[in-house]
Amino acid sequence: MSARPLRVAIVGAGPAGIYAADALMKSEAEIARRCKGFATGVSIDLYERMPAPFGLIRYGVAPDHPRIKGIITALHKVLDKPQVRLLGNIDYGSDIDLEDLRRFYDAVIFSTGANADRALGVPGIELDGSYGAADFVSWYDGHPDVPRTWPLDAEKVAVLGVGNVALDVARVLAKTGEELLPTEIPPNVYEGLRNNKAVEVHVFGRRGPAQAKFTPLELRELDHSPNIEVIVDPEGIDYDEGSEAARRHSKQVDMVCNTLEQWAIRDVGDRPHKLFLHFFESPAELIGEDGKVVGLRTERMLLDGTGNVKPSGVYRDWDVQAVYRAVGYWSQPIAELPFDDAAGTVPNRAGRVLAGTDAAGTPRFLAGVYVTGWIKRGPVGLIGHTKGDANETIACLLDDVPTLIPAIAADPGDVLDWLAAQSVSFTTREGWYRLDAYERALGESQGRERIKVVERAQMLRASS
């Protein structure tokens with residue numbers, strides 16, 4: 001074939017997908033070296049189900065985290081490159097499928113992330129008042145595809161989990177609506193939080209302080225609110241040999257433990273909302289009455305010497321009227337790709353999608369199809385860790401460049417003509433900037449940086 005850009009579709013325009021695009025552009029010279037047919041660089045289309053890009057950053061990060069939202073600045077630098085196009089408001093699996101993508105692209109990378117809640121198999125989980133953290137996060141982040149209201153009539157609330165998402169959920173539940181108003185929360189979220197009745201939030205972890213998944217900064221931010229009194233149960237400050245080893249080998253673990261120890265011995269102040277941190281309490285049952293949560297039963301856990309825990313057989317009931325499970329995100333299956341239900345990932349080797357094995361046990365791969373981010377490795381680690389995922393996946397793609405099956409309709413205009421013929425309306429990078437300006441203008445009128453638009457139709461109008 002005559003020289004042309006390597007055409008790559010990336011499905012999912014969150015951090016994982018954008019980091020993959022960045023890694024591809026940084027590899028242009030290597031791509032040309034490996035295949036003279038792609039000597040003119042790369043051409044990348046980022047497909048996104050939402051009208052706006054940035055995935056988890058826009059719809060999975062608490063609104064009072066401007067530091068993390070600042071990652072968008074770095075992502076914009078990639079999105080603004082001439083080699084990249086944004087095609088938003090396109091739903092893979094309904095608007096376009098894998099066969100279609102293979103017509104227009106030499107390679108396809110899936111970076112669809114994880115947006116569902118990991119299941120928690122305890123009795124009572126189906127009761128009214130039992131919620132998934134991912135659903136709550138989507139609500140307070142103004143996701144277009146979730147309900148506009150959220151039940152916030154519980155005065156005492158439990159949050160299960162000791163990761164950063166659990167802290168986000170607990171902090172948002174414990175803050176006042178007025179405290180969160182300066183952020184980008186939309187009007188419906190402000191109204192909901194303004195009427196929130198929660199005055200006690202209890203966070204439960206089944207293991208100890210040394211095994212908590214908080215980052216030190218995220219943990220300390222809990223104590224910055226003038227309305228939240230953070231209280232650590234002293235009975236939860238305990239370490240065994242494995243826990244002490246974890247502290248010695250990780251500065252972050254040691255910082256988290258030190259902070260929790262200081263909070264456990266200080267006097268309780270008079271801030272109006274109380275946020276309790278309990279360790280070594282494993283959820284055993286959600287207690288119900290008339291189909292609603294009226295309590296939580298936990299089992300006390302004991303350290304076993306290795307940093308792991310074992311059950312004690314001692315139970316305690318807690319007076320709460322709502323329970324939020326923040327025990328991890330879970331990816332959804334992707335149409336036409338294999339899926340590992342146990343791991344919640346697309347089976348892969350370093351990013352190459354596995355299609356099974358031959359009679360000799362040699363792995364077979366889907367030609368030209370790759371994964372990166374949480375759909376590749378599972379929903380663990382911080383946003384920055386997806387850079388390593390992207391680099392590994394792109395390294396595999398580079399190795400495969402000489403053997404990729406060339407797209408039969410590789411001109412960048414071909415896919416746009418096809419989308420128009422299918423009556424698929426999509427947003428673009430320029431449309432995103434119009435929506436961005438619109439949201440900033442809404443915020444400026446109220447002295448705020450931005451007010452997020454929730455309704456998909458309104459997002460599309462502002463993007464046009």
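**Entry 1: H1 and H15**

I looked up the handedness of the crossing of H1 and H15 in this predicted model. The crossing is right-handed. Next I checked the geometry of the pair. Two packed helices are described by the angle between their axes and the distance between the axes. Helix H1 covers residues 15-25, and helix H15 covers residues 386-400. Their packing angle is about 50°, and the axes lie 8 Å apart. That angle makes H1 oblique to H15.

Then I listed who touches whom. H1 brings Pro15, Ala16, Tyr19, Ala20, Ala23 and Leu24 to the contact. From H15 come Thr386, Lys387, Ala390, Asn391, Ile394 and Leu397. I sorted the residues of this contact by type: nine are nonpolar, two polar and one charged.

**Entry 2: Asn391**

I picked out asparagine 391, which sits in helix H15. Is asparagine 391 buried, partly exposed or exposed? Its relative accessibility is 48%, so asparagine 391 counts as partly exposed. The cut-off for exposed is over 50%. I also looked up its C-alpha distance to leucine 24. The two C-alpha atoms are 8.6 Å apart, although 367 residues separate asparagine 391 and leucine 24 along the chain.

**Entry 3: H18**

I moved on to helix H18, residues 456-463. Which residues of H18 are buried? They are Met459, Ala462 and Ser463. Viewed down the axis of H18, these buried residues fall within an arc of 100°, so they line one face of the helix. An α-helix has 3.6 residues a turn, so residues three or four places apart point the same way.

Last, I checked what that face packs against. The buried residues of H18 pack against helix H3 (55-59) and helix H17 (429-444).

How values were computed
Residues are numbered from 1 along each chain as its sequence is written. This is a predicted model: local features need pLDDT of at least 70, side-chain atom pairs count only at pLDDT 80 or more; totals for chains, interfaces and linings use all residues. Side-chain values use heavy atoms; hydrogens and water are left out. Buried means under 20% relative accessible area, exposed over 50%, partly exposed in between (1.4 Å probe, protein chains only). Helices (H or I, at least four residues) and strands (E, at least two) are DSSP runs, numbered from the N terminus. The arc is that of the directions from the helix axis to the C-beta atoms. Contact means heavy atoms within 4.5 Å. Axes are lines fitted to C-alpha atoms, for helices over the stretch in contact, and angles run from 0 to 180 degrees between N-to-C directions. Angles under 35 degrees count as roughly parallel, over 145 as roughly antiparallel, 65 to 115 as roughly perpendicular and the rest as oblique. A crossing is left-handed if the near helix is turned anticlockwise from the far one by less than a right angle, and right-handed if clockwise. Ala, Val, Leu, Ile, Met, Phe, Trp, Tyr, Cys and Pro count as nonpolar, Asp, Glu, Lys and Arg as charged, and the others, Gly among them, as polar.
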